[in-house]
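Subject: Structure for you to look at

Hello,

Please find the structure below. My notes on it follow.

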Amino acid sequence: MSETMKLAVPSMGEGGLEAERSGHFGHCDCFTLVDIVDGEVKGTSILANPPHEEGGCLRPVGLLAEEGVDAIVAAGMGGRPLMGFNDAGITVYFENMTPNVGDAAKLVAQGNVPIMGVENTCQHHH
């Protein structure tokens with residue numbers, strides 16, 4: 001049985017594997033949804049991110065859950081959406097070094113990205 005994961009990557013502009021990642025998931029132009037099968041990137045689709053006014057920072061949580069997303073990789077997010085994703089059963093991976101959508105997706109596919117804990121959320125400034 002093959003292992004599949006649908007990963008959302010907050011993206012700038014048109015999205016896609018060549019796109020640049022959005023630093024903060026709430027302000028991204030769209031989400032690139034990456035299908036990962038057995039650790040390989042197999043396909044992508046683009047999901048528009050509706051304006052932030054609609055439902056605030058938890059709106060993308062419901063949007064991604066409806067699309068069947070299993071995980072999201074983010075360079076940062078607040079505690080509320082993180083809890084929202086956790087409640088929705090969506091794993092949040094933390095990766096803030098890789099600007100390219102496809103490269104970040106590959107790292108997650110290879111299992112090289114840590115899961116975001118509360119200590120990584122945006123409220124805590126060390």
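Two strands count as paired if DSSP finds at least two bridges between them. Strands (E, at least two residues) and helices (H or I, at least four residues) are DSSP runs, numbered from the N terminus. The model is predicted, so please note that local features need pLDDT of at least 70 and side-chain atom pairs count only at pLDDT 80 or more, while totals for chains, interfaces and linings use all residues. Residues are numbered from 1 along each chain as its sequence is written, and side-chain values use heavy atoms, with hydrogens and water left out.

The sheet

Five strands form an open sheet with mixed pairing, in the order S3-S2-S1-S4-S5. Strand S3 (40-48) and strand S5 (91-94) are the edges, each pairing on one side only. Strand S2 (residues 30-37) pairs with S3 in the antiparallel sense, over eight bridges. Within that pairing, Ile36 has Val41 in S3 as its bridge partner.

Buried means under 20% relative accessible area, exposed over 50%, and partly exposed in between (1.4 Å probe, protein chains only). In helix H1 (residues 59-66), Pro60, Val61, Leu63 and Leu64 are buried. They cover an arc of only 165° around the axis, so they sit on the same side of H1; the arc is that of the directions from the helix axis to the C-beta atoms. H1 is followed by Gly68, whose phi is positive, near 80°.

Gly102 lies in helix H3 and is buried, with a relative accessible area of 6%. Gly102 and Leu64 are 38 residues apart in sequence and 19 Å apart in space, C-alpha to C-alpha.

Regards
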